[in-house]
Amino acid sequence: MSEEPVTTALLRGTLEYCVLALVAEEELYSTELLRRISDELHLTASEGAMYPLLSRLRKSGKIASGWRESASGPPRRYYTLTPEGAVVLNQFRERWATFRSGVDRILGTENA
């Protein structure tokens, strides 16, 4: 199995929560989100995956957005975490630690 399907599966399963965690820290616009995710995860998240995700998160009430003028181009839509999004993120964080530990035990990667 090549690395690409594995990378895609990992990103698909966690991207929503990574976005929620990043906008919990500070207001960000989509290009900043893509850059931060790529830098932190050493994976490439595409605009084709990011924009539909941001739309779904907005429609579900997990994030809010607002337009701001930019000194270097057109206005940008900035995203922030909503109280509902904070609840979802906290639930994921609680489950993630247990899940990650279990996967590490199964794969033998506890000390990697």
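Reader: What volume does the largest pocket have?

Author: The largest pocket has a volume of about 440 Å³. Rolling a probe the size of a water molecule over the atoms shows where empty space is left. A pocket is an open set of points on a 1 Å grid over the protein atoms alone, where a 1.4 Å probe fits, with protein on both sides within 12 Å along at least five of seven lines. Grid points are joined across faces, edges and corners, and the volume is the space filled by probe spheres set on the points. This is a predicted model, and totals for linings use all residues. Residues are numbered from 1 along each chain as its sequence is written.

Reader: Thanks! Which residues lie nearest the centre of the largest pocket?

Author: Lining residues have an atom within 4 Å of a point. Here there are 19, with Leu-10, Thr-14, Cys-18, Leu-41 and Trp-96 nearest the centre. Helix H1 (3-25) and helix H4 (83-107) each give two or more residues to this lining, and H4 has the largest share, 9 residues. Helices are DSSP runs (H or I, at least four residues), numbered from the N terminus.

Reader: And what about the second largest pocket, how many residues line it?

Author: Its lining has 16 residues, and Thr-8, Leu-11, Arg-12, Leu-15 and Ala-49 lie nearest the centre. The volume of the second largest pocket is about 270 Å³. H1 and helix H3 (47-59) each supply at least two lining residues, with H1 giving the most, 7 residues.

Definitions and conventions. Predicted model: local features only at pLDDT ≥ 70, side-chain atom pairs only at ≥ 80, totals over all residues. Heavy atoms only, no water.
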